[in-house]
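Me: I would like to learn how to read a few features of a protein model. Could you take me through them one at a time?

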Amino acid sequence: MPFSFADPAAASRPLHLVEAAEAAAFVAGRSDAERAWLDALGFTGALGQIYVLPGLDGAPAGAVFGWGSAATRRRGRFQIARAVADLPSGDWHLEGDLSPREAEEAALGWLLATYRFTRYKSVKTPVARLKAPAGVDAARLLAIAEGEALTRDLINTPAADMGPAELEDAFTTLGRRFGAEIRVIRGDDLLAHGFPMIHAVGRASDRAPRLLDLTWGEAGPRLTLVGKGVCFDTGGLDIKPAASMGLMKKDMGGAATVIGLAHMIMALGLKLRLRVLVPAVENAVGGNAFRPQDILKSRKGLTVEINNTDAEGRLVLADALALADEEKPDLLVSMATLTGAARVAVGPDLAPYFCDDDIIAAALAEAGATIADPLWRLPFWEPYETMIEPGIADLDNAPAGGMAGSITAALFLRRFVTDTPRYAHFDIYGWQPKAEPGRPKGGVGQGARALLEALPGVLGL
Ligand code: BES
Ligand code: MN
Ligand code: ZN
């Protein structure tokens, strides 16, 4: 989806940001006609109020936006993006006092609010465009918005049109655009190349499982991103109830998010060596499906007792993480819509992440706050290691009782990362259940912007 800011030299209408405390003075200073109009509408500057100001010819001359107070603004992010849906199309600029960080958030939020998933819509509507505020890095924000839009498009596309093959196509298209190298291992070749758990999870679907592998960049530190690409999660033989299956087209949200992040990294030309690994499968029901109590032998050699075929994400990720770990990258990151427990713990707005390195963990949280991509750290809690050790195999994919489900899933993944000290795992939700500023209902990236922001510090770029 192509994003743009308005041409800085072209005419544009002002969007006045007016704090509640200054609303009376602002209104008093307008023309008689505008004052009558704003008084009649009851403009108080409360956060999110938006009124278009008609010009003498009846065409919109500008608009006022209630900028609330510091306290109300803190209740959410991308507050100015609330205005976008209500403004007439055309070009706009912001008028009001914004710090450099607020200006960046406003500009990014505006772009993200103009995202539309139009693939299945016959009528496409024009949107209001913003002039980039002075001082913001417009090119960087456009690259970020494009990466995020790619993530959203991939998640929003129904599973019928976004199976393993279509995810491969999107992956390959992105890689080719930036001159990356791409390797794909499909179907039974997964067994020959040593990815038995990716094969086991994906084999019951008539859409063959595969491992997507992209490498890009000539020099610099190695960053490897691994994303869960379960294109649809029925739960397998331990099938999900209807209410839980409803949203499972989004179970490739981790893959979509690392692909979006890869877009940002490559578009911005970061000086690093990037690798992206996506195990792309459909967790289907069939006569050849893997079963409860099967024991799978992983790429790494660890055996896994299947106690629920619905805990499939950690299985496909384990083989991909083992491959990533063989290269000992400077930073390894996994992203996955891995557990319902993570959503219960922190809800859809926050992404829990795990990282043993306190400095990296702090950098991630800080970066998330800076770029309006909030994260919350959870621990790789060692005392729970015994919960993933059942008895007759090395590991249990679904500990009974489900206590600390996001943590036990993270501990499971960490067993496959033994030679890479710097590892972070994100248990994301990847879905906006109701529209919020900058985030229409539907697929959404989490953690990618925070990572992008933290990378220079973490990798010394
Ligand atoms: N894809 C789901 C996790 C999920 C569910 C994420 C709902 C977001 C919203 C995953 O494959 C899964 O089913 N996990 C199980 C694991 C359990 C069986 C140990 C879960 O969380 O219930
Ligand atoms: Mn599942
Ligand atoms: Zn899943």
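Me: Is Phe78 buried or exposed, and what is its relative accessible area?
Reply: Buried means under 20% relative accessible area, exposed over 50%, and partly exposed in between (1.4 Å probe, protein chains only). Phe78 has a relative accessible area of 2%, so Phe78 is buried. This is a predicted model, in which local features need pLDDT of at least 70, side-chain atom pairs count only at pLDDT 80 or more, and totals for chains, interfaces and linings use all residues. Residues are numbered from 1 along each chain as its sequence is written, chains are lettered from A and ligands numbered from 1 in the order in which they are written, and side-chain values use heavy atoms, with hydrogens and water left out.

Me: What is the phi of Phe78, and where is this residue placed?
Reply: Most residues other than glycine have a negative phi. Phe78 is not a glycine, yet its phi is positive, about 55°. Phe78 belongs to the loop between helix H3 (70-73) and strand E4 (90-95); helices (H or I, at least four residues) and strands (E, at least two) are DSSP runs, numbered from the N terminus. Ala404 also has a positive phi, near 50°. Ala404 is found in the loop between E16 and helix H14 (405-414), and with a relative accessible area of 29% Ala404 is partly exposed.

Me: Which residues are the protein donors of the zinc ion (ligand 3)?
Reply: Donors are N, O and S atoms within 2.8 Å of the metal (3.2 Å for Na, K and Ca); water is not among the atoms, so sites may look incomplete. Here the protein donors are Lys228 (NZ), Asp233 (OD), Asp251 (OD) and Glu312 (OE), at 2.0 to 2.4 Å from the zinc ion (ligand 3). Asp233 also coordinates the manganese ion (ligand 2), with the two ions 3.1 Å apart.

Me: What is the arrangement of the six donor atoms around the zinc ion (ligand 3)?
Reply: Ideal angles are 90 or 180 degrees for six octahedral donors. Six count as octahedral if opposite donors are over 155 degrees apart and all others between 65 and 115. Around the zinc ion (ligand 3) the six donor atoms subtend angles of 78 to 175°, which makes the arrangement octahedral.

Me: How many bridges join E11 to E12?
Reply: Two strands pair if DSSP finds at least two bridges between them. E11 and E12 run antiparallel and are joined by three bridges. Leu296 stands opposite Val304 in E12.

Technical notes
Tetrahedral: all angles 85-135°; square planar, octahedral: opposite > 155°, others 65-115°.
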